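Subject: Structure handover

Hello,

Here is the structure I promised to pass on. Please open it before you read the notes below.

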Amino acid sequence: MNYETKWGKKVWLRVHVKPLANRNTVTGAQLIIDDITEKKRLEDDLRCLSVTDCLTDSYNRRYFTQKLEEEIERARRNGNTFSLIMLDIDHFKSINDRFGHNAGDLVLKNIVELIKNRIRKIDILARWGGEEFVILLLDTTIKNAVRLAEELRESLSRMDIPGVGRVTASFGVSTYCSGDTADTLVNKADKMMYEAKAAGRNCVRYMNECE
């Protein structure tokens, strides 16, 4: 049980209750109370590590894939629409080379904070790997996903990161189509992102509606 003391301290308690009986008649009870606050904290930390990226505090790839597969199944049953945005920070290696890895880490954290402040609570932002991130936008058409990607691209390009300056990112957008799997949907967004890279970076490319 979660308990708050009269001094305002929040603790987790494990309570054992054992009835005391005399000739089949319950005469009382024995209570044993253990403070398991530290154990619960460790459990919460491990649970957090299993689904989040430690550096940026966004979700990790494993958790994102799980949620994406769940959303695909929901779309198959109910006909829901959802979209993906994938982005890659432009010239990220040169940022690390010029300013150091600590500066690179700061760039990643700032970008995650910017995105989190813009997307909805129901949307899922994950670090896909290195300097790549992916956003699952529930109940979102390709048109609205592209609009959001453009807004994020512009906001990012105007953000001044201490010790680094301004950075840009390339965005790829895809939407769920009947028959898509997690792999095909991610691959479409990834392909569009690399088209944005090929087009000169700092832009958005997207796949048209399902044919």
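What follows is a short tour of what was found, element by element. Please keep in mind that this is a predicted model.

Start with β4, which covers residues 83-89. This strand is mostly covered: 7 of its 7 residues are buried. Side chains in a regular strand alternate between the two faces of the sheet. In β4, Ser83, Ile85, Leu87 and Ile89 point one way. Leu84, Met86 and Asp88 point the other way, and all of these residues are buried.

β4 has a partner in β6, joined by 6 bridges, and the two run antiparallel. Met86 stands opposite Val134 of β6 in this pairing. β4 also pairs with β9 (residues 169-175), again antiparallel, through 7 bridges. There, Leu84 has Ser174 as its bridge partner.

Asp88 deserves a look of its own. It sits in β4 and counts as buried because its relative accessible area is 7%, below the 20% limit. Its side chain makes a polar contact of 2.6 Å with the side chain of Lys197.

Next, go to β5 (residues 124-129), where 5 of the 6 residues are buried. β5 pairs with β6 (residues 132-137) in the antiparallel sense, over 5 bridges. One of the facing pairs is Arg127 with Phe133 of β6. The hairpin has 2 residues between its strands, and Gly130 takes a positive phi near 60° in it.

Glu132 belongs to β6. It is buried, at 13% relative accessibility.

**Salt bridges**

How many salt bridges does the structure hold? The count is 16. Side chains of opposite charge can pair when their charged atoms come close.

- Arg127 and Asp53 meet at 3.4 Å, N to O. This pair links distant parts of the chain: Arg127 is in strand β5, Asp53 is in the loop between α1 and α2, and 74 residues separate them. Both Arg127 and Asp53 are buried.
- Arg120 and Asp123 meet at 2.6 Å, N to O. Arg120 is partly exposed, at 37% relative accessibility. Asp123 is buried, at 7%.
- Asp180 pairs with Lys188, with the closest N and O atoms 2.8 Å apart. Both Asp180 and Lys188 are buried.

There is also a network: Glu71, Arg74 and Asp139 are joined by salt bridges that share partners.

**Loops and backbone angles**

Most residues other than glycine have a negative phi. Two residues here go the other way. Asp139, a member of the network above, has a positive phi of about 50°. It lies in the loop between β6 and α5 (142-158). You will find His91 in the loop between β4 and α3 (92-99).

Asn60 is in the loop between α1 (37-51) and α2 (61-78). Buried or exposed? Asn60 is buried, with a relative accessible area of 16%. Its side chain reaches the backbone nitrogen of Tyr63 at 2.9 Å.

**Cysteines**

A disulfide is a covalent bond between the sulfur atoms of two cysteines. A search of the whole structure finds 0 of them. Cys54 is exposed, at 60% relative accessibility. Cys203 is buried, at 12%.

Finally, turn the model to the residues Met1, Tyr3, Val15, Val17, Leu31 and Ile33. Together they make a nonpolar surface patch of about 580 Å². The elements that give two or more residues to this patch are β2 (10-22) and β3 (25-35). Val15 is one of the patch residues and is placed in β2. Its relative accessible area is 35%, so Val15 is partly exposed.

Best wishes

Notes: Residues are numbered from 1 along each chain as its sequence is written. This is a predicted model: local features need pLDDT of at least 70, side-chain atom pairs count only at pLDDT 80 or more; totals for chains, interfaces and linings use all residues. Side-chain values use heavy atoms; hydrogens and water are left out. Patches are made of residues with over 30% relative accessible area and no salt bridge: like charges are joined within 9 Å, nonpolar side chains (Val, Leu, Ile, Met, Phe, Trp, Tyr) within 5 Å. Accessible areas come from the Shrake-Rupley method with a 1.4 Å probe; for residues, only the protein chains shown count as cover. A salt bridge is a side-chain nitrogen of Lys or Arg within 4 Å of a carboxyl oxygen of Asp or Glu. Helices (H or I, at least four residues) and strands (E, at least two) are DSSP runs, numbered from the N terminus. Buried means under 20% relative accessible area, exposed over 50%, partly exposed in between (1.4 Å probe, protein chains only). A disulfide is a pair of cysteine sulfur atoms within 2.5 Å. Two strands pair if DSSP finds at least two bridges between them. A polar contact is a pair of N or O atoms within 3.5 Å; within protein, one must be able to donate a hydrogen and the other to accept it, and residues adjacent in sequence count only if both atoms are side-chain atoms.
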